[in-house]
Amino acid sequence: MNETTITAQPGTPFIDIVREFDAPPALVFRVWTDPELVPQWLGPSGTTLTLIEYEATPGGRYSYIHRDQSGEHRFRGVFHTVVAGERIVQTFQYDGWPHDVSLETLTFEDLGGRTRVHTHAVFGSVDSRDAMIESGMEHGVHDSMARLDQLLAR
(Lines give C-alpha, C1' and ligand atoms only; values in the text may rest on other atoms or scores of the structure.)
Protein backbone atom coordinates (compact mmCIF):
# COMPACT_ATOMS: atom_id res chain seq x y z
CA MET A 1 0.00 0.00 0.00
CA ASN A 2 1.25 3.46 -0.87
CA GLU A 3 1.61 5.90 2.01
CA THR A 4 0.94 9.63 1.94
CA THR A 5 3.55 11.73 3.73
CA ILE A 6 2.61 15.21 4.95
CA THR A 7 5.44 17.36 6.30
CA ALA A 8 5.13 20.77 7.93
CA GLN A 9 8.41 21.84 9.52
CA PRO A 10 7.87 24.04 12.60
CA GLY A 11 8.35 27.74 11.95
CA THR A 12 8.08 27.50 8.14
CA PRO A 13 5.10 28.49 5.95
CA PHE A 14 5.29 25.28 3.88
CA ILE A 15 3.47 21.97 3.63
CA ASP A 16 4.93 19.13 1.55
CA ILE A 17 2.78 16.18 0.52
CA VAL A 18 4.30 13.14 -1.19
CA ARG A 19 2.43 10.12 -2.50
CA GLU A 20 3.40 7.34 -4.92
CA PHE A 21 0.91 5.69 -7.25
CA ASP A 22 1.05 2.41 -9.14
CA ALA A 23 0.36 4.07 -12.48
CA PRO A 24 2.41 6.02 -15.05
CA PRO A 25 2.59 9.84 -14.84
CA ALA A 26 0.38 10.40 -17.90
CA LEU A 27 -2.48 8.47 -16.30
CA VAL A 28 -2.07 10.03 -12.83
CA PHE A 29 -1.97 13.49 -14.43
CA ARG A 30 -5.09 12.76 -16.48
CA VAL A 31 -7.07 11.61 -13.44
CA TRP A 32 -5.76 14.65 -11.52
CA THR A 33 -6.91 17.13 -14.18
CA ASP A 34 -9.95 15.62 -15.93
CA PRO A 35 -13.11 17.37 -14.69
CA GLU A 36 -15.07 14.16 -15.26
CA LEU A 37 -12.77 12.22 -12.91
CA VAL A 38 -11.83 14.77 -10.22
CA PRO A 39 -15.18 14.47 -8.34
CA GLN A 40 -14.59 10.72 -8.01
CA TRP A 41 -11.54 11.13 -5.77
CA LEU A 42 -11.02 14.69 -4.47
CA GLY A 43 -12.07 15.26 -0.87
CA PRO A 44 -12.67 13.36 2.32
CA SER A 45 -14.81 10.24 2.43
CA GLY A 46 -18.39 11.06 3.23
CA THR A 47 -18.41 14.28 1.24
CA THR A 48 -19.79 14.99 -2.19
CA LEU A 49 -17.94 17.27 -4.56
CA THR A 50 -19.62 19.56 -7.05
CA LEU A 51 -17.36 21.15 -9.64
CA ILE A 52 -18.38 24.67 -10.57
CA GLU A 53 -15.47 25.03 -13.00
CA TYR A 54 -12.26 23.11 -13.57
CA GLU A 55 -10.04 24.13 -16.46
CA ALA A 56 -6.55 22.72 -15.91
CA THR A 57 -4.78 24.96 -18.43
CA PRO A 58 -2.46 27.96 -17.88
CA GLY A 59 -4.74 30.78 -16.70
CA GLY A 60 -7.64 28.37 -16.16
CA ARG A 61 -9.65 28.42 -12.99
CA TYR A 62 -11.17 25.89 -10.67
CA SER A 63 -13.97 26.15 -8.16
CA TYR A 64 -15.71 23.40 -6.27
CA ILE A 65 -17.92 22.72 -3.26
CA HIS A 66 -17.55 19.89 -0.76
CA ARG A 67 -20.79 19.06 1.04
CA ASP A 68 -21.15 16.99 4.17
CA GLN A 69 -23.29 16.90 7.33
CA SER A 70 -21.64 20.11 8.58
CA GLY A 71 -22.55 22.07 5.44
CA GLU A 72 -20.72 23.43 2.41
CA HIS A 73 -17.02 24.13 2.00
CA ARG A 74 -16.04 26.11 -1.11
CA PHE A 75 -12.58 26.12 -2.68
CA ARG A 76 -11.12 27.90 -5.69
CA GLY A 77 -7.93 28.78 -7.45
CA VAL A 78 -6.10 29.56 -10.66
CA PHE A 79 -3.84 27.27 -12.67
CA HIS A 80 -0.65 29.18 -13.52
CA THR A 81 1.47 26.44 -15.08
CA VAL A 82 0.23 23.13 -16.49
CA VAL A 83 2.71 20.81 -18.20
CA ALA A 84 1.00 17.51 -19.03
CA GLY A 85 2.36 14.59 -17.04
CA GLU A 86 4.99 16.74 -15.33
CA ARG A 87 3.95 19.82 -13.37
CA ILE A 88 1.12 22.03 -12.11
CA VAL A 89 1.46 25.39 -10.37
CA GLN A 90 -1.80 26.69 -8.91
CA THR A 91 -3.24 28.84 -6.19
CA PHE A 92 -5.51 27.35 -3.53
CA GLN A 93 -8.08 29.24 -1.51
CA TYR A 94 -10.76 28.18 0.96
CA ASP A 95 -13.64 30.64 0.90
CA GLY A 96 -13.97 30.31 4.68
CA TRP A 97 -10.61 32.10 4.92
CA PRO A 98 -10.90 34.56 2.02
CA HIS A 99 -7.62 36.35 2.68
CA ASP A 100 -5.40 33.25 2.86
CA VAL A 101 -4.16 32.03 -0.51
CA SER A 102 -1.47 29.40 -0.91
CA LEU A 103 0.68 28.69 -3.95
CA GLU A 104 1.04 24.99 -4.77
CA THR A 105 3.59 23.35 -7.03
CA LEU A 106 2.86 19.74 -7.96
CA THR A 107 5.39 17.55 -9.71
CA PHE A 108 4.67 14.16 -11.27
CA GLU A 109 7.88 12.11 -11.16
CA ASP A 110 8.22 9.05 -13.40
CA LEU A 111 9.39 6.04 -11.39
CA GLY A 112 9.35 3.63 -14.34
CA GLY A 113 5.64 2.87 -14.64
CA ARG A 114 4.86 4.35 -11.22
CA THR A 115 4.49 8.00 -10.25
CA ARG A 116 5.56 10.09 -7.28
CA VAL A 117 3.42 13.21 -6.83
CA HIS A 118 5.03 15.90 -4.69
CA THR A 119 2.99 18.92 -3.66
CA HIS A 120 4.82 21.88 -2.17
CA ALA A 121 2.39 24.46 -0.74
CA VAL A 122 3.59 27.92 0.26
CA PHE A 123 1.46 29.99 2.64
CA GLY A 124 1.63 33.70 3.36
CA SER A 125 2.56 33.06 6.98
CA VAL A 126 3.29 30.31 9.45
CA ASP A 127 -0.03 31.11 11.15
CA SER A 128 -1.91 30.53 7.86
CA ARG A 129 -0.08 27.24 7.34
CA ASP A 130 -0.82 26.16 10.91
CA ALA A 131 -4.50 27.05 10.52
CA MET A 132 -4.67 24.86 7.41
CA ILE A 133 -3.17 21.91 9.28
CA GLU A 134 -5.47 22.44 12.27
CA SER A 135 -8.50 22.53 9.94
CA GLY A 136 -8.29 18.78 9.42
CA MET A 137 -6.72 18.99 5.97
CA GLU A 138 -4.60 15.91 6.70
CA HIS A 139 -7.73 13.75 6.88
CA GLY A 140 -8.94 15.13 3.54
CA VAL A 141 -5.55 14.61 1.89
CA HIS A 142 -5.22 11.01 3.12
CA ASP A 143 -8.77 10.15 2.03
CA SER A 144 -8.31 11.83 -1.37
CA MET A 145 -5.06 9.98 -2.08
CA ALA A 146 -6.59 6.63 -1.09
CA ARG A 147 -9.61 7.30 -3.33
CA LEU A 148 -7.29 8.32 -6.19
CA ASP A 149 -5.39 5.05 -5.74
CA GLN A 150 -8.67 3.12 -6.01
CA LEU A 151 -9.70 5.03 -9.14
CA LEU A 152 -6.34 4.38 -10.80
CA ALA A 153 -6.65 0.65 -10.06
CA ARG A 154 -9.94 0.44 -12.02
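**Figure 1. The lining of the largest pocket in this predicted model****.** A total of 40 residues line the largest pocket. Tyr64, Phe75, Phe92, Met137 and Val141 lie nearest its centre. The volume of the largest pocket is about 940 Å³. By class, its lining divides into 24 nonpolar, 13 polar and three charged residues.

**Figure 2. Elements around the largest pocket****.** Several strands and a helix each supply at least two residues of this lining. Among them are strand 2 (14–21), strand 4 (61–68), strand 5 (71–83) and strand 6 (87–94). Strand 7 (101–110), strand 8 (115–122) and helix 3 (137–153) also belong to this group. Which element gives the largest share of the lining? Helix 3 does, with six residues.

**Figure 3. Helix 3 and what covers it****.** Helix 3 has 17 residues. From its first C-alpha to its last, helix 3 reaches 24 Å, close to the 24 Å expected at 1.5 Å a residue. Buried residues of helix 3 include Met137, Gly140, Val141, Asp143, Ser144 and Met145. Further along, Arg147, Leu148, Asp149, Leu151 and Leu152 are buried too. What covers the buried residues of helix 3? The cover includes strand 1 (4–7), strand 2, helix 1 (25–33) and helix 2 (126–134).

**Figure 4. Ile17 and its contacts****.** Ile17 sits in strand 2. Is Ile17 buried or exposed? Its relative accessibility is 13%, so Ile17 counts as buried; the cut-off for buried is under 20%. Leaving out residues up to four places away in sequence, Ile17 touches Thr4, Thr5, Ile6, Val117, His118, Thr119, Met137 and Val141. Thr4, Thr5 and Ile6 fall in strand 1 (4–7). Val117, His118 and Thr119 fall in strand 8 (115–122). Met137 and Val141 fall in helix 3 (137–153). How far apart are Ile17 and His142? They are 125 residues apart in sequence and 9.9 Å apart in space, C-alpha to C-alpha.

**Figure 5. The largest cavity****.** The structure holds one cavity of 30 Å³ or more. The largest cavity has a volume of about 50 Å³. Its lining consists of Phe92, Gln93, Tyr94, Trp97, Asp100, Val101, Ser102, Phe123, Ser128 and Met132. Strand 6, strand 7 and helix 2 each give two or more of these residues. Strand 6 gives the largest share, three residues. Six residues of the cavity lining are nonpolar, three are polar and one is charged.

Figure 6. From the N terminus, the order of elements is β-β-α-β-β-β-β-β-β-α-α. Why does the chain count as compact? The radius of gyration is 15 Å, close to the 15 Å that the globule rule gives for 154 residues, so the chain is as compact as a globular protein of that length. Along its principal axes, the C-alpha trace spans about 40 × 35 × 30 Å. Of the 154 residues, 43% count as buried. Among contacts with a separation of 6 or more, 44% join residues 24 or more positions apart.

How values were computed. Residues are numbered from 1 along each chain as its sequence is written. This is a predicted model: local features need pLDDT of at least 70, side-chain atom pairs count only at pLDDT 80 or more; totals for chains, interfaces and linings use all residues. Side-chain values use heavy atoms; hydrogens and water are left out. On a 1 Å grid over the protein atoms alone, a cavity is a set of points where a 1.4 Å probe fits but cannot get out, and a pocket is an open set with protein on both sides within 12 Å along at least five of seven lines; lining residues have an atom within 4 Å of a point. Grid points are joined across faces, edges and corners, and a volume is the space filled by probe spheres set on the points. Helices (H or I, at least four residues) and strands (E, at least two) are DSSP runs, numbered from the N terminus. Ala, Val, Leu, Ile, Met, Phe, Trp, Tyr, Cys and Pro count as nonpolar, Asp, Glu, Lys and Arg as charged, and the others, Gly among them, as polar. The expected span of a helix is 1.5 Å times one less than its number of residues. Buried means under 20% relative accessible area, exposed over 50%, partly exposed in between (1.4 Å probe, protein chains only). Contact means heavy atoms within 4.5 Å. The radius of gyration is taken over C-alpha atoms; the globule rule is 2.2 Å times the number of residues to the power 0.38.
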